[in-house]
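Visitor: Before we begin, could you take me through this model by setting each label against its definition?

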Amino acid sequence: MTGAGPTTTVLPAVQAWSGARLTARSMRNGLLATAVLASAVVVLALLFGGVSLSPSRIVSGIGPDRLIFLHVRLPRVLLAAWVGAALAVAGAGLQPMLRNPLASPDIIGVSGGAALAAVVSLALLPVGFFGEMFVPLIAFAGAVASSVIVYRLSLVRGRAEPYTQILVGVIFNTVAASLILVVNAMVDLLRSQSIVFWLMGGIELHSYRVLVLVAVLIVAGTLVLIRESPSLNLLALGDEGAEQLGVDIAASRRRVFAASSLLVGAAVSLTGVITFVGLIVPHVLRRILGSDSRLLVPASFFGGAAFLVLCDLVARVAVAPSELPVGAITALTGGPFFVYLLRRRVRPMNESEQ
Amino acid sequence: MSRRCSRPRAGCLAALLVICISAAPQRCSAASAAEAGAAGAGVVGEPNPSSAVDQPAGGPLMERKTRVASRVVSLVPALTETVRALGAGDRLVGVSDYDDSPSQTPSLPRVGTFLAPVVERVLALQPDAVLTSPTPANENAVRAIERAGVRVVVIRNEGSLAALRRAIARVAELLARRREGQRLLGAIDAQIERARGLAKRRLQSAGKDEDGTDRRPRVAVVVGREPLVLAGPGSYLGELVDICGGRNIAAAGGGRWPHVGLEAMLASQPEVIVDLSMGSERLGSRERLRSYWGRFPSMPAVAHHRLYVGAADLFQRPGPRIGEAALALVAMIYPPVQS
């Protein structure tokens, strides 16, 4: 087993909790726990909402309950689960690859590119022109294009350096955000309104066809990252260490970057930019389960799904009959919880290291 | 990144309230835009074919065309007002969060806004028609409601008076209240003509027009302030300014709701400002608006106390009260002469 043991060369924030070796048993328990958690949250989110549905009437089909369940509640919960899973898995892949605790799907430029593409199409094309898949497809194309651009720009002597990658990603995002502001200032109010709503991000309702499509992309991206997870452990050690241990760094990094871009692109193209999930979920799970990517990547899949479904549930019921933007809930609930975990564990960590 | 946009967002949302209200011709669904465009106006109001879930067997098309809405959810205040003005208020089963006129609204369930309808609540009311304005922000929700088999009548928010007339006619048809619709349109026309006549007389009595200079007062209708958004000439408010004998300082060509720089606004020296950027209901909002514009005492509108801030509701809802709005506007541009 090539578990990431405690080493002196690693960034503490990424590697601090790798103390315990990952055994088959702890792997199984970790996965089981997160999967059970995700299932429980999904069931909860299906049962509760702005309108109370009775399970017996959903089954019997009396009244509007079944209609609401099938056409509103279920697709929304499923989308929240897929998107949460995608963002968290991407974060779990990017953090060790970039060896940076702040790495998150928002930082590699992909979401900025997706948003810019969507906004430009919203600004230029007639209102009401779009079919269901139009803006999502444009956004996805923008995500793919920007990931290629960011990757190309961050090559130094043919190699993708983590620091360059992060800097290029951040700069790319900033430029995209500024361009969005420019576009937004130039268009008239009706268009500006649709742009703003796209940027705010939210779990919208989509048909099952779209949900299946996005599920395929997300499962594919997740499988790639699960396959890369042993290399991720080594990449977190630093390039030299990883190379000495036989990782083809460039290839591995390319695959992780591509898979993460795919995940983020698939997610943001349907929901707009939802921040924080990809940052917080891997960190929280790392603090609970340890930092071995072989467990962390699949666990983030379930953890991310549980987190976003839960946030969306809160968004739906907190101010019923209205709804809150889910992005606000992810930051409001995830932020304090994360700080709590950080504070609680910081002291023993420092002590043990000295 | 989305954080960065928060300031313009607030402005946009405020300004949006204006448009939200605007209502005009129709098209059944955002989803079937292409079909509607191809087949022409005849299919207006036709539901998405996929929505024929609980259609009775036999001639569903005919069925749909003649079906009269009896349980209506309105996501737009202007459309709610239209339904009531047509004498069909009792068929409303749900309204939007923006529907706030307490005199009219018996406590009907609120189902979100046309920008963000809460689909679960809409469906829970088991409506047979949902009225809304089109915006990319609600396209997914509209599709979801249609997938659940409920007819959504999307009344396009193009903002012109002609569009508003078509909207009223369309709602009347949906409710099988054509005669009431004609009567309402007639009443609106009469009020608008009265406003036009009043403006014309006042302009003529001002006299001394031989040199051909445009003596109409320069008018700015502000729908949002941060960023500054005006009612352009192509919008229904712009049309009202024209009818009421005002000269809109928002130039043609900037779209219906153009963003305008504050400098450009000051340079154009508006003599009348109608500020709709904060609803009229909230306490203190009038004073805030007054002090906002009060910073520019040299602007003719401020210097001559021609700043109007209290009528947002009336102007922001292009519905049955549009004629009333025209009469109110003409009184702002040409205040009654005190004898």
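Guide: Strand 6 of chain B is joined to strand 7 (residues 228-230) of chain B by 3 bridges, and the two run antiparallel. This is a predicted model, in which local features need pLDDT of at least 70, side-chain atom pairs count only at pLDDT 80 or more, and totals for chains, interfaces and linings use all residues. Residues are numbered from 1 along each chain as its sequence is written, while chains are lettered from A and ligands numbered from 1 in the order in which they are written.

Visitor: What makes strand 6 and strand 7 of chain B a pair?

Guide: Strands (DSSP runs of E, at least two residues, numbered from the N terminus) pair if DSSP finds at least two bridges between them; 3 bridges join these two, so they count as paired.

Visitor: Which sense does strand 6 of chain B take with strand 9 of chain B?

Guide: Strand 6 pairs with strand 9 (residues 272-275) of chain B in the parallel sense over 4 bridges, and V221(B) stands opposite V274(B) there.

Visitor: Why is A35(A) called partly exposed?

Guide: A residue is buried if 20 or more other C-beta atoms, placed from the backbone, lie within 10 Å of its own, exposed if 12 or fewer, and partly exposed in between. A35(A) has 17 C-beta neighbours inside 10 Å, and therefore counts as partly exposed.

Visitor: How many residues of strand 6 of chain B are buried?

Guide: Strand 6 (residues 218-225) of chain B is mostly covered, with 6 of its 8 residues buried.
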